[in-house]
Amino acid sequence: MPNASIAINAGPLPLGGGLLALLRPALDALEVGGVLALLSSNAAARDDLPTWCKVEKHEYLGCEKVADADRHLIARGGFNLPRGEREHGLRLPLRDGKLMAADVLATIPHAATADPATGLAPRGARVEPGGPEYPFTLNERDRVAPPDVAQLYDQAVAAQWNAQTDIAWAKIKPLPRALETAVGQLMTFLAENELSALYLPSKFIARIHPAYVEVGMFLSTQLMDESRHIDVFLKRARANGGGLGVSSATTSASLHSLLMLEDFTEAAFLLSVLGEGTFLDLLRFIEDHAPDEPTADLVRRARADETRHVHFGMSHVRHALATDPSLYGRLENAVRKRAATLHNAGGVPAAVQDSLTVLAARGTGPAGIARGHDKFAELLHVMHENRVKRLITAGFTPEQSQTLSDLHTPNFM
Amino acid sequence: MPDETILLGAVAYDAKVVPIWEGIRDHFREQNVAMDFCLFSNYERQVESLLAGHIDVAWNTPLAHVRIRKRTEGTSLSLGMRDSDRDFKARLIVRKDAGIKKLKDLEGKILAVGSRDSTQARILPLHFLKKEGVDLGRVKQLAFDTDLGKHGDTGTSELDVLKALNEGKAQAGTLGDLIWVLEQAAGRIDTKKLDSFWTTPGFDHCMFDALPTLSNAKAEGFKKALFAMKYDNPKHRRLLDLEGLKQWMPPREEGYASLTAALDDQKYW
């Protein structure tokens, strides 16, 4: 009989009473053809083991008497063999006592492509063959996972804040009615737009192959961010004697055209690079002109989160463009198509425009309003300038960037 | 023009039989072998239909197979079997508290047995026990004649035997080796209560049968497409798992000798 490379002792355990719990993992540790010796004093195992081996396609090599026990020899069969390398001896580095997703990704990097038949198996697991194909459509690294996605996820986890307790809600003081109404209108607008940033990424998460799980994890932090923003914006609108304002048809049409997107890269580009990018300037404007510290604080916090989303979108688009230059045309086309859909939508929604003006004017005195109006015009200019900068950073030419920025929705998002 | 489509008969012992044969039919088509199937509710009707030439191939239990062999005086064609059909065995399972130390101790005890047309749960274990010297006239048989006509395919009577043993309604019981091991591997056997006491010699199980008049083209086409199924192919694997095999094997006849002898002895032709 051949020599065994592993020996296990199952004592009197019957096949269905614990023996398999020792035998199966021991066989799994062997290469195909590797031989295991099983010491057993269970008489029924003499008949049970050959049948079990037949069912599982292991090779039962025989049995010999050793003192009071049987020594069964089994060669590991090749059926049902999990695919992939065995993970062994991994120890993630501790960083100030913390384990970071970025180190996980560095240890088990993203493969260029992923197989839909590995289903929901975590990256690194060995996968038994024969599973069904899952309906993932984002199966290519360069279309879904920018290299710094795990760092962004780590940052997002560390930067979470609490909409109940982190805002000094008690410090909000009564405001003149026109100013409070303007705040309510702006909060309505912000919440509505953030809803689109909640809905659009969520529809892609289930399409992403789990081999790129960090992307789903990052997007989940984005969903939590958007939820918190919606929460604080709606609370602010109702915290101080005001209430919600109007949802404009322009905003609705603009966000509808975002939600209809079916391509992940186009969505990252239109939502995160152009939309959320433009929102950074809007949030900064509201922060600069906020009538009280809690309002300034909550938009400041939202802006910090949005900066991360913009970073993800930029990183995604830059990486995708670098690996597939044909994407320039497609993204430009997506912007043009959306602009064509929105060509009747008009300018910045009137209620938003007026509220931004009143906010910057800090009231309704004519002199203040004149200043507010100038500030608003300046905001549109700043938004355009910064969009162009972001587009150039993403990899577009200055001319392309000018054109794309001009075509961007008057709704900001 | 004769119909080139191979018409296969199978018994609908379970709802999964439909997806199994639809899947295998699709696989045959991919192999450019035209095949269709019809389902019978029992093996007796399937045997008669094959003999009458209504179907080309019958997917038969061992009992149906040896009946075809006998009725065609050994001239029928055997086309293939599952890996799991070879060296099938039956078990005598006993309650540990029944005090059974040797096979003769069965006399005076209650022995749970499966359906009378189940090769593994009744016909062969009783045949082999008799050959071992057990006086079956002195053994009280608790019979579970469930799903008659299905020749034990459903396994229901074997699970009934296990249940009777578990509940103490019998001190010993007979069932197929496969159910015993699979139920153990799934963690469903109370090994503190039950033990496998004895195992029968090996015998073979199901077979694809055809009449000697089957055209060579159909016989070869059938075998070509059947043996092209591979467990590593996920589409095939789904079907093979459902049908309970990992590999189709060529036929062999020697594994049915004990069943033929048992049927002679039990006069159960």
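Q: How many residues of chain A are in contact with chain B, and how many of chain B with chain A?

A: An interface can be read as two lists of touching residues, one for each chain. In this predicted model, 16 residues of chain A are in contact with 17 residues of chain B.

Q: Which element gives the largest share of the side of chain A that touches chain B?

A: Sort the touching residues by element. Helix α2 of chain A, residues 45-56, gives the largest share, with five residues.

Q: What is the make-up of that side of chain A by class?

A: Now sort by residue class. The side of chain A that touches chain B has nine nonpolar residues, four polar ones and three charged ones.

Q: How is the size of an interface often given?

A: It is often given as the accessible area lost when the parts come together. For this pair, we have the residue counts: 16 from chain A and 17 from chain B.

Q: Which residues is A:Cys53 in contact with, leaving aside its neighbours within four places in sequence?

A: Setting sequence neighbours aside shows what the fold brings together. For A:Cys53, the contacts are A:His58, A:Glu59, A:Tyr60 and A:Ile74. Take A:Ile74 as a case. A:Cys53 and A:Ile74 are 21 residues apart in sequence, and their C-alpha atoms are 8.0 Å apart in space.

Q: What is the phi of A:Lys57, and where is A:Lys57 found?

A: A:Lys57 has a phi near 65 degrees, which is positive in a residue other than glycine. A:Lys57 sits in the loop between α2 and β3 (59-66) of chain A. A:Lys57 has 16 C-beta neighbours inside 10 Å, so it counts as partly exposed.

Q: What is the phi of A:Arg362, and where is A:Arg362 found?

A: Read it the same way. A:Arg362 is not a glycine, yet its phi is positive, about 60 degrees. The loop between α12 (350-361) and α13 (366-394) of chain A holds A:Arg362. A:Arg362 is partly exposed, with 17 other C-beta atoms within 10 Å.

Q: On to helix pairs. How do the axes of α6(A) and α9(A) lie?

A: Take the distance between the axes, then the angle. Helix α6 of chain A covers residues 177-205, and helix α9 of chain A covers residues 264-289. Their axes come within 11 Å and cross at roughly 155 degrees. That makes α6(A) roughly antiparallel to α9(A), since angles over 145 degrees count that way. The crossing is left-handed.

Q: Which residues make the contact of α6(A) with α9(A)?

A: List each side in turn. From α6(A) come A:Leu186, A:Asn193, A:Ala197, A:Leu200 and A:Phe204. From α9(A) come A:Phe264, A:Ala267, A:Leu271, A:Glu276, A:Phe279 and A:Ile286. By class, this contact has nine nonpolar, one polar and one charged residues.

Q: How do the axes of α6(A) and α7(A) lie?

A: Apply the steps again. Helix α7 of chain A spans residues 213-238. The axes of α6(A) and α7(A) come within 8 Å and cross at roughly 160 degrees. The two helices are therefore roughly antiparallel to each other. Their crossing is left-handed. The contact of α6(A) with α7(A) has 15 nonpolar, seven polar and three charged residues.

Q: Now whole chains. Is chain A spread out or compact?

A: Chain A has 14 helices and four strands. Its radius of gyration is 30 Å, well over the 22 Å that the rule gives for 413 residues, so chain A is more spread out than a compact globule. Its C-alpha atoms fill a box of roughly 105 × 50 × 35 Å along the principal axes. Of its 413 residues, 41% count as buried.

Q: What does the globule rule give for chain B, and what is its radius of gyration?

A: Use the rule once more. Chain B has nine helices and eleven strands. A compact globule of 269 residues would have a radius of gyration near 18 Å; chain B has 19 Å, which agrees. The C-alpha atoms of chain B fill a box of roughly 65 × 40 × 25 Å along the principal axes. Of the 269 residues of chain B, 45% count as buried.

Key. Residues numbered from 1 in each chain as written. Chains lettered and ligands numbered in written order. Predicted model: local features only at pLDDT ≥ 70, side-chain atom pairs only at ≥ 80, totals over all residues. Axes fitted to C-alpha atoms, helices over the stretch in contact; angles between N-to-C directions. Parallel < 35°, antiparallel > 145°, perpendicular 65-115°, else oblique. Left-handed = near helix turned anticlockwise from the far one by under 90°. Contact = placed C-beta atoms within 7 Å. Nonpolar A, V, L, I, M, F, W, Y, C, P; charged D, E, K, R; others polar. Rg over C-alpha atoms; globule rule 2.2 N^0.38 Å. Buried ≥ 20, exposed ≤ 12 C-beta atoms within 10 Å, placed from the backbone.
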